[in-house]
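Subject: Structure handover

Hello,

Please find the structure below. My notes on its packing follow.

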Amino acid sequence: MLKLRLIVLPICFSLFLLGCGRNRSVVERAVEERALHVANGIEPSTLDPAINTGSSESAILGEIYEPLVERGPDGLTIVPAAAESWEVSADGLTYTFHLRKDRRWSNGDPVTAGDFLQSFRRVVDPRLAAEFAMRASSVVGVPEYLKGELTDPTKLGFSAPDEHTFVITLSAPNVVFIQNLIAYPWVPVHMPTLDATGGRLRDNQAWVKPGIMVTNGRMQLKEWRPNSHLTLAPNPYHPDRDNVWLKSIVFYPIDSLDAEERAYRAGQLHATTSLPADKIENYAKNNDPALHVAPRLGVSCIIFNTERPPFNDARVRRAFSAAIDREALAQAAYKGGFTPAKSISQPGMGGYEPTALIGDGPAEARALLAEAGYPSGKGFPKVTYLYNTADRNRIVAEILQQMWRQGLGVEVELVNQEWKVFLDSRRNRDYAIARSGWFPFANEPTDYFELFLTESSYNDTGWSNARFDELYARALQTTDLAERHSMYREMDEILRDESPAAPLVHNSTVRLVHPSVRNWPNNVMDTRSLSAVYLVGEAP
């Protein structure tokens with residue numbers, strides 16, 4: 001071996017002198033370039049915070065926008081952000097936010113209460129059709145405004161008495177309202193830029209481009225090459241700019257977990273979005289410091305189009321749910337802390353423990369399907385399962401297909417679509433069964449229950465239940481914890497019996513983070529501030 005080294009090393013050195021040496025990876029160059037390179041799952045569909053609904057986009061939006069309040073490092077504590085302080089009236093109806101006077105947009109303009117006022121009005125403008133607009137339904141006038149019964153935006157419960165005071169007035173108390181304000185729709189957007197490009201409404205997104213987009217976060221958009229990469233750079237006018245060590249954050253849209261893992265091993269990434277299930281065990285066995293596994297609030301599920309046969313029959317929906325072996329699914333497709341989900345609501349969320357659990361098993365599934373008129377699957381129509389393109393989604397789809405074939409005797413055709421097309425298909429209910437999931441903004445089960453409200457803009461199932469809607473509205477106003485949890489249990493029972501959706505797993509965060517990265521947070525909300533990250537050189 002020694003002789004081989006004596007021969008090879010001079011050859012390598014000679015090649016290096018000739019200019020043929022090995023190119024350094026992006027990770028090896030990162031410290032001197034002060035650049036963080038991270039995978040981001042899929043190509044962003046938009047960087048307009050008011051109309052975004054995706055988690056890959058939210059990772060970017062969280063860096064370039066600063067809301068009134070944000071989450072602390074633990075992912076649960078609410079701390080000041082653009083607002084340095086706030087008060088809530090004794091009746092829980094009036095929220096008064098006092099804005100920091102040193103905040104600036106990335107073009108140098110001051111951030112004012114008027115910016116928040118105009119931006120919040122834009123989110124609830126029915127012409128924008130923002131999916132998250134209904135999250136402001138507790139605000140005075142918003143329900144009527146969304147229905148067109150109120151047309152004057154000055155009558156809404158948003159006001160700016162001066163440049164640094166923003167007031168929100170509710171029509172009824174809302175126990176999760178302050179947590180909702182952390183979400184990306186409720187950030188200010190730079191209205192002069194939107195107006196210059198005609199971007200106030202959904203059909204014009206010319207303002208979300210490098211060189212045009214103006215934001216108020218610690219970072220700003222520098223470059224966006226679709227299906228290649230998106231680069232952020234520090235906002236030179238943000239008061240925390242001297243505390244931002246990085247000169248750039250580069251996001252890569254890689255929709256394959258295997259490709260992400262290979263890119264990490266090749267030194268092209270500092271962090272992956274996740275990790276293939278079959279790779280987790282090896283990293284864990286080797287005690288690799290790059291492996292990060294942490295609890296995460298979130299649910300992965302499937303939804304049914306309840307407006308279209310055969311899934312307009314709750315017995316069919318329950319049969320398809322009961323036929324799923326969630327333990328086997330979690331082991332085969334997820335691993336790394338993902339847990340089988342027997343309810344949409346997540347155990348421990350907001351101190352709540354669900355008791356109305358979903359049953360499973362082939363016998364129950366077959367009995368339900370037979371009761372619906374399809375014994376052993378006979379006569380069952382051809383149906384499809386829709387999912388967006390990604391390795392794990394494909395694996396989950398194939399496992400579900402096999403479980404339904406064996407447990408119910410039915411064939412389900414798998415259909416995959418790219419992210420934007422998939423979102424449109426699901427929103428338009430052009431599907432029979434579809435992949436879904438949710439990462440909550442609030443640490444409360446209402447964040448999941450909201451997905452199934454009759455008037456919810458992101459209820460893609462078509463399902464409606466008046467009692468469920470009534471319980472949800474009452475729960476938001478109920479400060480007594482025991483009473484609120486009692487309502488949650490009844491809502492869980494309705495979801496179990498009606499099954500507009502079938503929960504699969506409750507989430508975990510599993511990713512690779514290079515040991516050279518410092519200040520990478522792990523918390524139950526997977527809340528990150530990448531602008532706080534720095535690098536210490538290539539770690540062992």
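Is Phe311 buried or exposed? This is a predicted model, and in it Phe311 has a relative accessibility of 1%, so it counts as buried, the cut-off being under 20%. Phe380 is buried too, at 13% relative accessible area.

These residues form an aromatic pair. The ring centres of Phe311 and Phe380 are 6.4 Å apart and the planes stand at 70°, so the pair is edge-to-face. Phe311 sits in the loop between E11 and H10, and Phe380 in the loop between helix H12 (362–371) and strand E13 (383–388), so the pair ties together parts that are 69 residues apart in sequence.

In total the structure holds 30 aromatic pairs. Another of them is Phe304 with Phe320: with centres 6.5 Å apart and planes at 80°, this pair is edge-to-face. Phe304 belongs to strand E11 (residues 291–304) and Phe320 to helix H10 (residues 314–322), so parts 16 residues apart in sequence are tied together by the pair. Phe304 and Phe320 are both buried.

On the nonpolar cores: the largest has 108 residues, and the members that touch the most others are Phe158, Ile168 and Leu181. Beyond its neighbours within four places in sequence, Leu181 contacts Pro67, Leu68, Val69, Phe97, Phe120, Ile168 and Trp186. Another core, of 45 residues, lies apart from the largest one; among its members are Tyr264, Leu275, Ile324 and Tyr334.

Regards

Note on methods. Residues numbered from 1 in each chain as written. Predicted model: local features only at pLDDT ≥ 70, side-chain atom pairs only at ≥ 80, totals over all residues. Heavy atoms only, no water. Core = buried A, V, L, I, M, F, W, Y, C linked by side-chain atoms within 4.5 Å. Buried < 20%, exposed > 50% of the residue type's maximum accessible area, 1.4 Å probe, protein only. Contact = heavy atoms within 4.5 Å. Phe/Tyr/Trp six-rings, centres within 6.5 Å; stacked < 30°, edge-to-face > 60°. Helix = DSSP H or I, 4+ residues; strand = E, 2+ residues; numbered from the N terminus.
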